[in-house]
Amino acid sequence: MPVEVTWWGHATCTVEDSGTRVLTDPLFTRRLAHLRRRRGAPPPPEAADADVALVSHLHADHLHVPSLARLAPGTRLVVPRGAPRQVPGLRRLRHLRLSEVAPGDEVGVGDLVVRAVPARHDGRRLPVGPHRSPALGFVVEGEARTYFAGDTGLFESMPKEVGPVDVALLPVGGWGPCLGEGHLDAGRAAEALALLAPRSAIPVHYGTYWPIGMDAVRPHEFHAPGAEFVRLAALRAPEVAVHRLEHGESVRPGGAE
(Lines give C-alpha, C1' and ligand atoms only; values in the text may rest on other atoms or scores of the structure.)
Protein backbone atom coordinates (compact mmCIF):
# COMPACT_ATOMS: atom_id res chain seq x y z
CA MET A 1 0.00 0.00 0.00
CA PRO A 2 2.38 2.73 -1.24
CA VAL A 3 0.97 5.81 0.48
CA GLU A 4 2.63 8.03 3.08
CA VAL A 5 0.74 10.14 5.60
CA THR A 6 2.19 12.97 7.68
CA TRP A 7 0.14 14.48 10.51
CA TRP A 8 0.92 18.14 11.15
CA GLY A 9 -1.64 18.55 13.93
CA HIS A 10 -5.39 19.17 14.21
CA ALA A 11 -6.94 18.05 10.87
CA THR A 12 -3.91 18.99 8.77
CA CYS A 13 -2.26 16.05 7.01
CA THR A 14 -0.17 15.45 3.91
CA VAL A 15 -1.06 12.35 1.94
CA GLU A 16 1.48 11.33 -0.70
CA ASP A 17 0.28 8.84 -3.30
CA SER A 18 1.32 8.21 -6.91
CA GLY A 19 3.77 11.11 -6.84
CA THR A 20 1.06 13.59 -5.80
CA ARG A 21 0.91 15.53 -2.53
CA VAL A 22 -2.52 16.11 -0.99
CA LEU A 23 -2.90 18.54 1.94
CA THR A 24 -5.99 18.42 4.18
CA ASP A 25 -7.55 21.39 6.00
CA PRO A 26 -4.35 23.49 6.19
CA LEU A 27 -3.97 25.28 9.52
CA PHE A 28 -0.49 26.71 10.05
CA THR A 29 -1.07 29.31 12.78
CA ARG A 30 -0.08 29.34 16.45
CA ARG A 31 -3.27 31.12 17.46
CA LEU A 32 -6.78 31.28 16.03
CA ALA A 33 -9.33 33.47 17.81
CA HIS A 34 -9.59 31.97 21.33
CA LEU A 35 -7.52 28.89 20.44
CA ARG A 36 -3.79 28.48 21.04
CA ARG A 37 -1.57 25.72 19.72
CA ARG A 38 -0.63 23.80 22.84
CA ARG A 39 1.32 20.89 21.41
CA GLY A 40 3.66 20.53 18.45
CA ALA A 41 5.37 23.34 16.55
CA PRO A 42 3.43 24.88 13.67
CA PRO A 43 4.01 22.98 10.43
CA PRO A 44 7.29 23.89 8.67
CA PRO A 45 7.25 25.75 5.34
CA GLU A 46 7.51 22.50 3.38
CA ALA A 47 4.10 21.46 4.74
CA ALA A 48 2.55 24.01 2.37
CA ASP A 49 4.05 22.15 -0.60
CA ALA A 50 1.08 20.39 -2.17
CA ASP A 51 -0.44 19.65 -5.54
CA VAL A 52 -3.95 19.92 -4.11
CA ALA A 53 -5.41 21.15 -0.83
CA LEU A 54 -8.75 19.82 0.41
CA VAL A 55 -11.04 21.85 2.66
CA SER A 56 -13.72 19.82 4.41
CA HIS A 57 -15.99 22.62 5.67
CA LEU A 58 -16.17 26.33 6.38
CA HIS A 59 -15.32 26.52 10.08
CA ALA A 60 -12.29 28.75 10.58
CA ASP A 61 -10.11 25.98 12.05
CA HIS A 62 -10.55 24.05 8.78
CA LEU A 63 -10.90 26.81 6.20
CA HIS A 64 -8.19 29.23 7.34
CA VAL A 65 -7.61 31.82 4.63
CA PRO A 66 -4.14 32.99 5.83
CA SER A 67 -2.92 29.39 5.78
CA LEU A 68 -4.35 28.83 2.30
CA ALA A 69 -2.60 31.99 1.15
CA ARG A 70 0.75 30.26 1.83
CA LEU A 71 0.11 27.64 -0.85
CA ALA A 72 2.19 27.94 -3.98
CA PRO A 73 0.74 29.51 -7.14
CA GLY A 74 -1.13 26.98 -9.21
CA THR A 75 -2.05 24.71 -6.31
CA ARG A 76 -5.51 23.20 -6.78
CA LEU A 77 -7.84 24.11 -3.91
CA VAL A 78 -10.96 21.97 -3.45
CA VAL A 79 -13.69 23.50 -1.28
CA PRO A 80 -17.36 22.80 -0.55
CA ARG A 81 -19.74 24.14 -3.16
CA GLY A 82 -20.71 27.73 -2.40
CA ALA A 83 -17.71 28.41 -0.16
CA PRO A 84 -16.46 31.50 -2.07
CA ARG A 85 -19.85 33.18 -1.53
CA GLN A 86 -19.74 32.50 2.21
CA VAL A 87 -16.03 33.27 2.71
CA PRO A 88 -15.10 36.34 0.63
CA GLY A 89 -11.41 35.91 1.47
CA LEU A 90 -11.32 32.87 -0.80
CA ARG A 91 -11.96 35.12 -3.80
CA ARG A 92 -8.71 36.95 -3.10
CA LEU A 93 -6.64 33.77 -3.47
CA ARG A 94 -6.27 34.24 -7.21
CA HIS A 95 -2.97 32.36 -7.26
CA LEU A 96 -4.84 29.11 -6.52
CA ARG A 97 -6.98 26.99 -8.87
CA LEU A 98 -10.32 26.78 -7.10
CA SER A 99 -12.74 23.87 -7.50
CA GLU A 100 -16.12 23.75 -5.72
CA VAL A 101 -17.54 20.31 -5.05
CA ALA A 102 -20.53 18.59 -3.45
CA PRO A 103 -20.91 14.96 -2.38
CA GLY A 104 -20.39 12.64 -5.33
CA ASP A 105 -18.20 15.06 -7.31
CA GLU A 106 -14.74 13.98 -8.42
CA VAL A 107 -11.60 15.98 -9.19
CA GLY A 108 -8.57 14.57 -10.99
CA VAL A 109 -5.14 15.63 -9.74
CA GLY A 110 -2.15 13.97 -11.38
CA ASP A 111 -2.77 10.23 -11.20
CA LEU A 112 -5.23 10.64 -8.33
CA VAL A 113 -8.98 10.99 -8.23
CA VAL A 114 -10.41 12.92 -5.27
CA ARG A 115 -14.04 12.10 -4.51
CA ALA A 116 -16.17 14.23 -2.20
CA VAL A 117 -18.34 12.28 0.24
CA PRO A 118 -20.93 13.42 2.79
CA ALA A 119 -20.13 14.39 6.36
CA ARG A 120 -22.55 14.98 9.23
CA HIS A 121 -21.42 18.36 10.51
CA ASP A 122 -22.58 21.98 10.61
CA GLY A 123 -21.46 23.54 7.33
CA ARG A 124 -21.93 27.20 8.28
CA ARG A 125 -19.00 29.62 8.39
CA LEU A 126 -20.21 31.14 11.64
CA PRO A 127 -22.18 29.36 14.37
CA VAL A 128 -25.16 31.68 13.77
CA GLY A 129 -24.63 32.33 10.05
CA PRO A 130 -27.70 31.91 7.82
CA HIS A 131 -25.78 30.49 4.87
CA ARG A 132 -24.03 27.15 4.66
CA SER A 133 -22.12 24.90 2.32
CA PRO A 134 -22.07 21.11 2.64
CA ALA A 135 -19.57 19.66 5.08
CA LEU A 136 -17.51 17.05 3.26
CA GLY A 137 -15.13 14.17 3.63
CA PHE A 138 -12.85 13.08 0.81
CA VAL A 139 -11.62 9.78 -0.58
CA VAL A 140 -8.26 10.06 -2.34
CA GLU A 141 -7.93 7.23 -4.85
CA GLY A 142 -4.53 6.34 -6.31
CA GLU A 143 -2.39 3.34 -5.54
CA ALA A 144 -4.30 3.33 -2.23
CA ARG A 145 -7.72 4.65 -1.21
CA THR A 146 -7.41 7.13 1.68
CA TYR A 147 -10.45 8.53 3.47
CA PHE A 148 -10.13 11.94 5.13
CA ALA A 149 -13.27 12.38 7.22
CA GLY A 150 -12.91 16.11 7.94
CA ASP A 151 -15.27 16.74 10.86
CA THR A 152 -18.25 14.43 11.05
CA GLY A 153 -20.60 12.58 13.31
CA LEU A 154 -21.29 8.90 12.93
CA PHE A 155 -24.03 8.06 10.43
CA GLU A 156 -25.56 4.80 9.32
CA SER A 157 -24.82 5.17 5.61
CA MET A 158 -21.14 5.98 6.16
CA PRO A 159 -19.81 2.66 4.74
CA LYS A 160 -21.97 3.02 1.61
CA GLU A 161 -21.15 6.71 1.07
CA VAL A 162 -17.42 6.31 1.67
CA GLY A 163 -16.96 2.90 0.03
CA PRO A 164 -14.02 0.56 0.56
CA VAL A 165 -10.85 2.29 1.74
CA ASP A 166 -7.34 1.25 2.72
CA VAL A 167 -6.51 4.10 5.12
CA ALA A 168 -8.89 6.16 7.28
CA LEU A 169 -7.92 9.52 8.80
CA LEU A 170 -10.51 9.91 11.55
CA PRO A 171 -11.14 12.81 13.94
CA VAL A 172 -11.15 11.58 17.52
CA GLY A 173 -11.42 14.80 19.56
CA GLY A 174 -11.71 18.55 19.27
CA TRP A 175 -10.45 21.77 20.79
CA GLY A 176 -12.70 22.02 23.83
CA PRO A 177 -13.89 19.95 26.79
CA CYS A 178 -17.22 19.06 25.11
CA LEU A 179 -18.00 17.60 21.71
CA GLY A 180 -21.51 18.16 20.44
CA GLU A 181 -23.49 16.47 17.72
CA GLY A 182 -21.68 16.20 14.41
CA HIS A 183 -18.34 15.13 15.88
CA LEU A 184 -16.49 11.90 16.52
CA ASP A 185 -14.91 11.28 19.89
CA ALA A 186 -12.60 8.33 20.46
CA GLY A 187 -15.50 5.93 21.05
CA ARG A 188 -17.58 6.98 18.06
CA ALA A 189 -14.45 7.01 15.87
CA ALA A 190 -13.82 3.40 16.90
CA GLU A 191 -17.41 2.59 15.89
CA ALA A 192 -16.79 4.26 12.53
CA LEU A 193 -13.64 2.21 12.15
CA ALA A 194 -15.60 -1.00 12.67
CA LEU A 195 -18.12 0.09 10.01
CA LEU A 196 -15.52 1.15 7.44
CA ALA A 197 -13.07 -1.72 8.03
CA PRO A 198 -9.99 -0.14 6.42
CA ARG A 199 -6.60 -1.81 6.60
CA SER A 200 -5.09 1.09 8.57
CA ALA A 201 -6.25 4.13 10.51
CA ILE A 202 -4.70 7.32 11.85
CA PRO A 203 -6.37 9.46 14.54
CA VAL A 204 -6.39 13.21 13.88
CA HIS A 205 -8.15 16.35 15.14
CA TYR A 206 -7.04 16.21 18.78
CA GLY A 207 -4.21 17.27 21.05
CA THR A 208 -3.22 20.42 19.13
CA TYR A 209 -5.37 23.49 19.90
CA TRP A 210 -7.00 24.36 23.21
CA PRO A 211 -8.94 27.45 24.35
CA ILE A 212 -6.83 30.11 26.04
CA GLY A 213 -7.37 30.10 29.79
CA MET A 214 -8.70 26.53 29.89
CA ASP A 215 -5.38 24.77 30.42
CA ALA A 216 -6.48 23.38 33.78
CA VAL A 217 -10.04 22.48 32.76
CA ARG A 218 -10.44 18.76 32.12
CA PRO A 219 -6.96 18.48 30.54
CA HIS A 220 -7.54 14.78 29.83
CA GLU A 221 -9.96 15.88 27.10
CA PHE A 222 -6.96 17.42 25.34
CA HIS A 223 -4.36 14.71 25.93
CA ALA A 224 -6.27 11.44 25.97
CA PRO A 225 -8.31 10.97 22.75
CA GLY A 226 -5.50 9.51 20.62
CA ALA A 227 -4.53 6.82 23.11
CA GLU A 228 -8.18 6.12 23.93
CA PHE A 229 -8.94 5.63 20.23
CA VAL A 230 -6.07 3.13 19.98
CA ARG A 231 -7.48 1.23 22.97
CA LEU A 232 -11.07 1.18 21.72
CA ALA A 233 -10.08 0.39 18.14
CA ALA A 234 -8.29 -2.73 19.38
CA LEU A 235 -11.58 -3.85 20.92
CA ARG A 236 -14.00 -2.90 18.14
CA ALA A 237 -11.85 -3.38 15.03
CA PRO A 238 -8.85 -5.53 16.03
CA GLU A 239 -7.99 -6.33 12.42
CA VAL A 240 -7.23 -2.66 11.67
CA ALA A 241 -3.66 -1.40 12.16
CA VAL A 242 -3.85 1.92 14.04
CA HIS A 243 -0.95 4.39 13.82
CA ARG A 244 -0.95 7.13 16.47
CA LEU A 245 1.43 9.79 15.18
CA GLU A 246 3.21 12.64 16.90
CA HIS A 247 3.03 16.08 15.31
CA GLY A 248 5.13 16.12 12.14
CA GLU A 249 5.52 12.32 12.14
CA SER A 250 4.98 10.22 9.00
CA VAL A 251 3.92 6.66 8.41
CA ARG A 252 3.61 4.34 5.42
CA PRO A 253 0.52 2.31 6.36
CA GLY A 254 0.99 -1.30 5.44
CA GLY A 255 4.71 -0.81 4.85
CA ALA A 256 7.88 0.13 6.64
CA GLU A 257 7.38 2.98 9.12
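V5 stands opposite V15 in strand 2. This is a predicted model: local features need pLDDT of at least 70, side-chain atom pairs count only at pLDDT 80 or more, and totals for chains, interfaces and linings use all residues. Residues are numbered from 1 along each chain as its sequence is written, and side-chain values use heavy atoms, with hydrogens and water left out. Helices (H or I, at least four residues) and strands (E, at least two) are DSSP runs, numbered from the N terminus.

Strand 1 (residues 3–9) pairs with strand 2 in the antiparallel sense, over six bridges. Two strands pair if DSSP finds at least two bridges between them. Strands 1 and 2 form a hairpin with two residues between the strands, and H10 takes a positive phi near 50 degrees there.

Strand 2 also pairs with strand 3 (residues 20–24), antiparallel, over five bridges. Here T14 stands opposite L23. This hairpin too has two residues between its strands, and S18 takes a positive phi near 55 degrees. Is strand 2 enclosed or open? Five of the six residues of strand 2 (residues 12–17) are buried, so the rest of the structure largely encloses it. Buried means under 20% relative accessible area, exposed over 50%, and partly exposed in between (1.4 Å probe, protein chains only).

## Strand 10 and its partners

Strand 10 (residues 112–118) is mostly covered, with six of its seven residues buried. Strand 9 (residues 106–109) runs antiparallel to strand 10, and four bridges join them. V107 faces V114 across this pair. The two strands form a hairpin with two residues between them, and G110 in the turn has a positive phi of about 60 degrees.

Strand 11 (residues 136–141) is another partner. Six bridges join strand 11 to strand 10, and the two run antiparallel. V117 stands opposite G137 in strand 11.

## Helix 4

Which residues of helix 4 are buried? In helix 4 (residues 186–196), they are A186, A189, A190, A192, L193 and L196. Seen down the helix axis, these residues fall within an arc of 160 degrees, so they line one face of helix 4. The arc is that of the directions from the helix axis to the C-beta atoms. An α-helix has 3.6 residues a turn, so residues three or four places apart point the same way.

The buried residues of helix 4 pack against several elements, including helix 3 (158–162), helix 6 (225–236) and strand 14 (200–204). At the start of helix 4, a side-chain oxygen of D185 reaches to within 3.2 Å of the backbone nitrogen of G187. Just after the helix, A197 takes a positive phi of about 50 degrees.

## The nonpolar cores

A nonpolar core is a set of buried Ala, Val, Leu, Ile, Met, Phe, Trp, Tyr and Cys residues joined through side-chain atoms within 4.5 Å. The largest has 52 residues, and F138, Y147 and F229 touch the most other members. Helix 4 gives the most to this core, with six residues. Apart from this core lies another, of 20 residues, among them V55, L68, L71 and L77.

Contact means heavy atoms within 4.5 Å.

## A233 in helix 6

A233 sits in helix 6. A233 is buried, with a relative accessible area of 1%. Not counting residues up to four places away in sequence, A233 touches A190, L193, P238 and V242. A233 and A194 are 39 residues apart in sequence and 7.9 Å apart in space, C-alpha to C-alpha.

Definitions and conventions: Polar contact = N/O pair within 3.5 Å; in protein donor to acceptor, adjacent residues only side chain to side chain.
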